[in-house]
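Hi everyone, thanks for coming. Let me put the structure up on the screen, and then we'll walk through a few spots together.

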Amino acid sequence: MNDAGKKRYWKEYQKNIANDDYYYARSCIRQNFFPGSEETFLKILRETLGKNVFDDPHQTTCTGIAYHSSIVPQQTTMTVVARQFSLMNEAGYKNFIPSCVTSFGIYSEMMETWGHFPETMEKTKEHLKAATGRDFKLPENIVHTSDIIYKFRNIIAAKAKYKLINKATGKPLNVVDHIGCHYAKIFPEKGLGGAEYPVVLSGMIETWGGKVVDYPERRHCCGFGFRQYIVKENRGYSLSNSKKKFDSMEPYKPDFIVANCPGCSYFMDRWQYTIAEMEGKTYDENGYGIPVLTYEEMAGLVLGFDPWKMGMQLHQVSVEPLLDKMGIVYAPADKYKDVNGKDLGKPLQPNNLKCY
Amino acid sequence: MFTDKLKQDVRFIEGLKACINCGTCTAICPAAQFYNYDPRQIADTVQNGNDTEIEQLLKSDTIWYCGECLSCKTRCPRDNTPGYIVQALRSLSIKEGYYLLSEKGRQQLEIKRRVGDIMLKYGYCVYVDEIETGYHPEQGPIWDWYRANTESILKKLGANYKGSGAGTLRKIDKADMDELHKIFEETGAMEQFKKLEEEGHE
Ligand code: SF4
Ligand code: SF4
């Protein structure tokens, strides 16, 4: 096949990712549910990759969850987004990197809408000025934080302590990659590989020695659904969509699941526990379930970071089976200890899901 | 009448170009697999522009079933986005007070309290201190353990829980919270929250 033609074809599935000097926009969901992941990301960027990244204390929620559950007007979200950009301008940065996939979708959607309907941009400018006295300029580059890890995946591989390989058998681990819907389904051109061939996670997995599981419901939503999860009565929606994915991936015997969206990682962890408690069903052979990692945790494990300093003890599905398969040296007893080694006591055991 | 009102919402204009009723959105839609919900029908109804039918939609549970995953945006061969159309319909339903006529619509007050109030209190849309396994049993025993030891655990992870300056779960400064509140006032979020509380109470 003509190589130039092939390259041209794939060009539309690529995107520009800034090389350094990032303005980090934190995620509410990631900070609350995976509170070690963002520090892990910053450590990788600063210490492993030697990058400059600014962690601004002045930012707030992007309001994305409220927007998608229809409790705030679009102009509210636009103006909060504009304020975050204004903070980035003030700090002297141009490369905006949100940690949350919902936020990434929100920033992209508001920018797109401003482009299509310039009057909405004018309104936002007026609102921001009136509310805060601020003005703002758009970022020059906006990518999701997982794009940055993807970009530098080879450097990480070169510094890796562990591989995504089963130490006992020497075979690659089977890894399920779950891409948050709002990473590439809203604006396929803004995701690496588009909505059809997203490579952001599979690229990391393969570079670090693993094998990607291609299963029928690979691209199905985790089922968050915003209002469908927030309201207790609606939560069956969320659970059922995750279950559809678990049922579909089970025959491929995944060693773990990794997601770039903090919501997806959280749901796929907790819905396995829920299904185990409701129906006695677990999705691995030994009754522990399939460990679910954030992409920061996956990169951190490869680099040899301590799982308990990355917060992996806060998963409901135990990660030890994966650590053992990878041959990671860790201290099992430190899992439930504080920073000074004081024992914090153990969480209660679920009735059905086995835990370490 | 309703079509004109919907057209004032850019999400409606962006969401509906011309629907050919192919049903691709319904085939991919996670909400359609769980609820009695059909995004194709929604696109068709608003495209037809029949006021009585749109009014029915605005009063129904139907518009509240969408999960806003936006899978339909990727797949529609005519560049429509039923998920955006739904956002415009929901906003109009709230404005007209029709959301009170459906069980799912009335849940907006619950969401306002669980997400809206949290944003105004902490500057985050969720906050560890406010999540209990009673309302969130799926959080599991690990969450109770986390809640019982929040400070010690977050310290070990290098977070800055309730601290000043940058870092995971830091306390957001008053000046920043003030700006957030003012934006909510300026852009109609406060007004909408008040409306949801008042009408929900009645
Ligand atoms: S996929 Fe698009 S064209 Fe087809 S029914 Fe849905 S909205 Fe209409
Ligand atoms: S955004 Fe709504 S209508 Fe579109 S696919 Fe997702 S759940 Fe269905």
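At what angle do helix α6 and helix α8 of chain B pack? Before I answer, a word on the model: it is predicted, local features need pLDDT of at least 70, side-chain atom pairs count only at pLDDT 80 or more, and totals for chains, interfaces and linings use all residues. Residues are numbered from 1 along each chain as its sequence is written, chains are lettered from A and ligands numbered from 1 in the order in which they are written, and side-chain values use heavy atoms, leaving out hydrogens and water.

So, the answer: α6(B), residues 51-58, and α8(B), residues 82-96, pack at about 85 degrees with their axes 9 Å apart. Axes here are lines fitted to C-alpha atoms, for helices over the stretch in contact, and angles run from 0 to 180 degrees between N-to-C directions. Helices are DSSP runs (H or I, at least four residues), numbered from the N terminus. That makes the pair roughly perpendicular, a label for angles of 65 to 115 degrees. B:I54, B:L57 and B:L58 meet B:L89, B:L92 and B:S93; contact means heavy atoms within 4.5 Å.

Over to chain A. Helix α6 (residues 101-116) and helix α7 (residues 118-132) pack at about 115 degrees, axes 4 Å apart, so α6(A) is roughly perpendicular to α7(A). Among the residues in this contact are A:W114 of α6(A) and A:M121 of α7(A).

Last stop, ligand 2. The residues around ligand 2 include B:C29, B:C66, B:C69 and B:C72, where a residue is near if one of its heavy atoms lies within 4 Å.

Methods. Helices (H or I, at least four residues) and strands (E, at least two) are DSSP runs, numbered from the N terminus. Angles under 35 degrees count as roughly parallel, over 145 as roughly antiparallel, 65 to 115 as roughly perpendicular and the rest as oblique.
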